[in-house]
Amino acid sequence: MNSVSEYDVLVIGGGPGGSCAAAFARKQNFRTLLVEKCAFPRFRIGESMLPTSNAILRATGAWSKIQAAGFVPKHGALFVLSNGTVTKEVIFSESLVPGLDSTYQVERAKFDALLLDHARELGAEVRMETTVRSVESGAGLHRVTLEGTAGTTETVSARWVIDASGRDNFFVTEQKQALDPATSPKRMAVYSHFRGVKRAPGRAGGHTVVVRLEDGWFWLIPIDEERTSVGLVTTLAAMQRAKLPPEELFWAAVKASAKLRELFDGAEATMSFRVTSDYTYFRRQLAQERLLLVGDAAGFFDPIFSSGAYMSMWSAQLSIELLTRADRAGRGLTPRERASYTNAIKNHAGVFRRLIEIFYNNRSFAVFMSQEVPWNMMPGLTSIVAGHAKLTWPLWWRFKLFSLICRLQLRFQIAAPLDYRQPDAAG
Ligand SMILES: Cc1cc2nc3c(=O)[nH]c(=O)nc-3n(C[C@H](O)[C@H](O)[C@H](O)COP(=O)(O)OP(=O)(O)OC[C@H]3O[C@@H](n4cnc5c(N)ncnc54)[C@H](O)[C@@H]3O)c2cc1C
């Protein structure tokens with residue numbers, strides 16, 4: 001009879017969420033198995049990190065490796081109107097919260113592989129090119145079926161499961177089918193990596209550049225000395241109206257914007273275009289008695305404020321803290337602990353969600369782009385844009401006030417509207 005391998009913690013997925021969870025589990029001496037369906041390095045979109053991720057990576061012990069990996073330092077972000085007439089620079093060192101001065105833009109293939117190797121070095125057992133097919137839970141133990149590339153299957157057992165399997169629905173449970181109601185229109189992103197996209201000189205060359213169109217936006221993220229990740233985000237409805245294939249839609253939007261034409265002059269794609277659509281969702285319950293959803297497996301809103309990888313790593317840290325306490329007491333998570341995990345993540349995500357709403361509304365976006373933000377609100381907003389979604393009092397009142405002004409702007413004109421017309425069409 002085959003014996004079943006037993007683990008304390010089984011982690012599904014080797015993205016930033018899964019690898020950080022495995023690293024934190026090892027730091028608690030748990031026998032840890034991480035299962036990843038792909039061979040690494042593998043492509044992933046989501047290259048812009050937030051400064052609040054640094055402390056988490058420091059706590060895993062991977063930070064010095066990240067610093068030595070040659071990633072592009074990121075000191076802030078630049079928001080630009082598509083005709084180039086209005087710009088707003090967010091500089092992280094002007095944040096109200098100390099220690100959020102900078103982070104990195106990363107090529108995810110390299111970043112994810114580095115974090116996975118780090119978890120392995122800490123003693124996590126890692127199975128690559130292995131897919132989790134099912135998890136059967138009962139009597140304080142999960143029986144997990146794994147499938148290798150040759151179709152071979154194996155069953156292992158674990159007291160705890162961390163589902164960090166991302167957005168890919170390779171492993172769907174009943175729990176994952178129940179979603180919060182959608183609050184925004186369905187959006188899509190068309191993206192690729194490019195060589196030759198123009199950058200600002202000096203430190204600002206590492207910024208994420210967001211080019212805001214009247215009905216969408218572009219990200220430009222430098223991922224190494226030469227290459228820049230660029231993507232167009234628009235609604236599925238706009239895409240259908242345009243009746244253009246995604247790549248043509250991308251180039252048409254570049255052509256229509258004076259700013260993008262300038263940045264793209266002489267640039268060429270280094271890989272084929274990719275499309276991700278309808279990526280906004282949040283699962284209703286994020287924890288069961290001995291299973292926690294981490295990162296994109298729990299939910300994802302929108303890439304605009306680069307919160308995805310940070311949320312994955314932060315929820316990984318939180319999930320291991322929670323299960324460690326319960327495990328040491330020889331029990332699963334209480335209903336209260338499960339609810340508090342779900343609420344903690346949704347509250348954190350809720351802060352980004354409000355910023356996202358403000359960004360997508362043309363009227364409130366005009367407030368965001370204002371050059372003079374009164375009452376010293378901007379350093380508070382900068383902290384949140386740097387990822388500090390934990391709203392301490394100095395951040396809380398600034399955020400609430402800013403949010404209120406944005407709401408008022410929907411009815412009264414507090415900030416002047418932005419003029420999206422292109423120079424050649426402005427008349
Ligand atoms: C268009 C777009 C742009 C984005 N831009 C940014 C950005 O600039 N900055 C940012 O921080 N975030 C960004 N994001 C979000 C970011 O991509 C994700 O939030 C982040 O990758 C989530 O990390 P994760 O570890 O939760 O999941 P993932 O990185 O998706 O990792 C999940 C892993 O699980 C594996 N897996 C899946 N199913 C199984 C299974 N059954 N068995 C074994 N393994 C499995 C997958 O192969 C994968 O490696 C963007 C997202 C989109 C859609």
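Alanine 189 has its place in strand β11 (residues 187-195); strands (E, at least two residues) and helices (H or I, at least four) are DSSP runs, numbered from the N terminus. The model is a predicted one, in which local features need pLDDT of at least 70 and side-chain atom pairs count only at pLDDT 80 or more, while totals for chains, interfaces and linings use all residues. Residues are numbered from 1 along each chain as its sequence is written.

Is alanine 189 buried or exposed? Alanine 189 is buried, because 22 other C-beta atoms lie within 10 Å. A residue is called buried if 20 or more other C-beta atoms lie within 10 Å of its own, exposed if 12 or fewer, and partly exposed in between, with C-beta atoms placed from the backbone. Setting aside neighbours within four places in sequence, alanine 189 is in contact with Gly231, Leu232, Val233, Thr276 and Pro303; contact means that the C-beta atoms, placed from the backbone, lie within 7 Å. Arginine 363 is 174 residues away from alanine 189 along the chain, and their C-alpha atoms are 23 Å apart.

Strand pairing comes next. Two strands pair if DSSP finds at least two bridges between them.

| β8 (130-138) and β9 (141-148) | antiparallel | eight bridges | threonine 130 and glycine 148 |

The hairpin of β8 and β9 has two residues between its strands, and alanine 139 in the turn has a positive phi of about 50°.

Helix α2 (residues 52-60) holds the buried residues Thr52, Ser53, Asn54, Ile56, Leu57 and Thr60. Among the elements that cover them are α1, α3 (63-68), β6 (103-105), α4 (108-121) and α9. Glycine 61 follows α2 and has a positive phi near 90°.

Which residues are the closest to the ligand? They are Gly15, Gly46, Gly166, Gly295 and Gly308, in a shell of 38 residues; a residue belongs to this shell if its C-beta atom, placed from the backbone, lies within 6 Å of the ligand. Two or more shell residues come from each of α1 (16-27), β8 (130-138) and α9 (308-328), and α9 gives the largest share, four residues. The shell contains 15 nonpolar, 16 polar and seven charged residues. Here Ala, Val, Leu, Ile, Met, Phe, Trp, Tyr, Cys and Pro count as nonpolar, Asp, Glu, Lys and Arg as charged, and the others, Gly among them, as polar.

The protein as a whole is divided into domain 1 (5-71 + 106-180 + 280-333), domain 2 (187-277) and domain 3 (356-409), with bounds from an automatic or database domain assignment. Domain 1 and domain 2 each supply at least three residues to the ligand shell. The C-alpha centres of domain 2 and domain 3 lie 26 Å apart. Of the 427 residues, 45% count as buried.

Key
Contact = placed C-beta atoms within 7 Å.
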